[in-house]
Amino acid sequence: YYLSRPISALEAAAPQVRLYGGELHPANEARYPATFPFPSNVRLVGTVNVDDTVERLSPRFLSRASVIWMEPAVESFDKPLELPEPPDVPVDWNGVCSAGSGAAAPSMEAIMRLTTFLHEQRVSGAPTPRSIHGIRAYLSVAQELLPGKVAEDYQVLQRILPGIRGVGERYRRVLEELAGMCGRQSWRMSAQRCELIRARGEELGDFYDFF
């Protein structure tokens, strides 16, 4: 179960979730209508521990989400966590919504070359049209916030690499080529992750998985 209705609804121009059939008229219909709209400021954020106690995130979910992988620093266990003071800057929601609205369409050439390579290699979990749409939307907004290569690096790391999962020498060669492609594009984080997946996969008997 991956919140399919809310996640799918958020992709629409005017997102709303259907609770029950409109032909039904329950006594509390005035309080709980058949559908309700998603406000524009709603975002869904979830966490999951990746271990043997949980199901693996499904390809359908991964095509709709950005995966932010976090690992604790071992040295942080024996000392208190120190967080920087947040900046005292008011954030206007209308300003956030308008960010990137006047920016030119981002170049997707490098991202599409990587995507084409994964599809040509018949890699399970290769980016879907939904993933590409999400990446393009992210890069459009990020133009005013991040250097272009950094934004692309984040999207390869968060939207493309999490879907990769396979067994055998072919996947090892794919990851080696991916690491090279990412390195040539200065996608440092993605290149390092490809190397980690490859090295760990070799230890697991040629089983390669982002998670």
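**Second largest pocket.** I looked up the lining of the second largest pocket and sorted it by class: 9 nonpolar, 2 polar and 7 charged residues. Ala, Val, Leu, Ile, Met, Phe, Trp, Tyr, Cys and Pro count as nonpolar, Asp, Glu, Lys and Arg as charged, and the others, Gly among them, as polar. The model is predicted: local features need pLDDT of at least 70, side-chain atom pairs count only at pLDDT 80 or more, and totals for chains, interfaces and linings use all residues. Residues are numbered from 1 along each chain as its sequence is written, and side-chain values use heavy atoms, with hydrogens and water left out.

I noted 18 lining residues, with Val50, Asp51, Arg56, Asp209 and Phe211 nearest the pocket's centre. A pocket here is an open set of points on a 1 Å grid over the protein atoms alone, where a 1.4 Å probe fits, with protein on both sides within 12 Å along at least five of seven lines; lining residues have an atom within 4 Å of a point.

**Helices 4 and 7.** I found that the axes of helix 4 (residues 109–120) and helix 7 (residues 169–184) come within 11 Å and cross at roughly 170 degrees. Axes are lines fitted to C-alpha atoms, for helices over the stretch in contact, and angles run from 0 to 180 degrees between N-to-C directions. Helices are DSSP runs (H or I, at least four residues), numbered from the N terminus.

I listed the contacts (heavy atoms within 4.5 Å): Arg113, Leu114, Phe117 and Leu118 in helix 4 meet Val174, Glu177, Leu178, Met181 and Cys182 in helix 7. By class, this contact has 7 nonpolar, no polar and 2 charged residues.

How values were computed:
Helix = DSSP H or I, 4+ residues; strand = E, 2+ residues; numbered from the N terminus.
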